[in-house]
Amino acid sequence: MKKLSKYIYDLPKELVAQKPTDFRDQSRLLVYHKDTEKIEHKIFSDVIDYFEEGDVMVRNDTKVFAAELVGEKEKTGATIHVTLLRELNKEQKLWDIMVDPARKIRIGNKLYFTHGKDSLEAEIIDNTTSRGRTLRFLFAGEYHEYRRKINRLGYVPLPNYIKRKPEDFDRERYQTIYAKNVGAVAAPTAGLHFSKQLLKRLEIKGIDIVDLTLHISQGTFRSIDVEDLSKHKMDSEEVIISQHTADAVNIAKKKKRRICSVGTTVIRALETSISTSGTLNAYNGWTNKFIYPPYNFTIADSLITNFHRPKSTILMLVAAFAGYEVTMNLYEIAKKEGYRFNSYGDAMLII
């Protein structure tokens, strides 16, 4: 299933979640058993019932930062929306960015960002793509103060299918409760369903929860513009897998315990760092791994994931994990059952 057109399905607008549920672990959970093809409809907090002592859950501890800034262009005062994509150089305060409207921005233009008592000045120093630019913040103070200013001036970059302006609660809810390593412009949404209470219950049951980091880039929202999926290139994203996480996964694999990937970003990270013997290596580098059917997974045997938009690379990964026909059928069932889709939507456990 290497054709983009195979991943088109009708997604009614009313099923695209615009806000999260009142309580993280009370979103709905569709459970699919690969061995029996059984389908169950549960609440996310029920996920604990499908794991036993010694099983391992691997989660992505990346933290979304306030990557969206609204500034004014020098002289004209035109409003310019800036998305910080990747920090290129800390000392020089250089960033790879996207700007909107792109046609109004040229090399040498200065932008001013102001909110309350906070302000920052920046300069466009390079063009990278038709929409991309390189920006340098003009700030002489300490690095930590400059990053604090960005955080206060910016807001969480919600996906464009959420048709409302970011609100105060998004700073907390568009973030996993275990997020700690700052660097993502999008949340690892499968992890949004975990509450402190649920994590404690999993710990008491003896389920080993370990972390890795994959800093999700704006590429997660970028559309695929080729029919042949083998010609699509993913954006590179930073990955860090500690020796502790690698050891925990390898021990569980050796003992034939269940290894659950909390989200598709975790699977991409795991599949990036596999040894020739099929074990997980510690890793600190980058990945542009694109997974679509057919694909043989090495590490995870279960997956927690949300319901994703048509033609997305994330949908393709799920189809590789569960099977193409199965996945598209599960999506039709989810639609009929009124499951909520995308980042703030409901979840699915493939086990």
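Helix H1 gives the lining of the second largest pocket its largest share, 5 residues. Helices (H or I, at least four residues) and strands (E, at least two) are DSSP runs, numbered from the N terminus. A word on the source: this is a predicted model, where local features need pLDDT of at least 70, side-chain atom pairs count only at pLDDT 80 or more, and totals for chains, interfaces and linings use all residues. Residues are numbered from 1 along each chain as its sequence is written, and side-chain values use heavy atoms, leaving out hydrogens and water.

Let's stay with that pocket. On a 1 Å grid over the protein atoms alone, a pocket is an open set of points where a 1.4 Å probe fits, with protein on both sides within 12 Å along at least five of seven lines; lining residues have an atom within 4 Å of a point. The second largest pocket holds about 610 Å³ of space. It is lined by 26 residues, and Phe 65, Trp 95, Arg 147, Val 182 and Gly 183 are the closest to its centre.

Now turn to the largest pocket, with a volume of about 920 Å³; a volume is the space filled by probe spheres set on the grid points, which are joined across faces, edges and corners. Among its 33 lining residues, Met 98, Leu 158, Pro 159, Asn 160 and Gln 218 are the closest to its centre. Strand E6 (79–89) and strand E7 (94–100) each supply at least two residues of this pocket's lining.

Next, look for the rings. Rings of Phe, Tyr and Trp (its six-membered ring) pair if their centres lie within 6.5 Å; planes under 30 degrees apart count as stacked, over 60 as edge-to-face and the rest as tilted. This rule gives 17 aromatic pairs. One of them joins Phe 44 and Phe 194 edge-to-face, 5.1 Å centre to centre with 80° between the planes. These partners are 150 residues apart, with Phe 44 in the loop between strands E2 and E3 and Phe 194 in the loop between strand E11 and helix H3. Both Phe 44 and Phe 194 are buried, meaning under 20% relative accessible area, while exposed is over 50% and partly exposed in between (1.4 Å probe, protein chains only).

Why is the pair of Tyr 295 and Phe 297 edge-to-face? Their ring centres are 4.8 Å apart and their planes lie at 65°, so the pair is edge-to-face. Tyr 295 is partly exposed, with a relative accessible area of 24%. Elsewhere, Tyr 9, Phe 307, Tyr 331, Tyr 339 and Phe 341 form one aromatic cluster.
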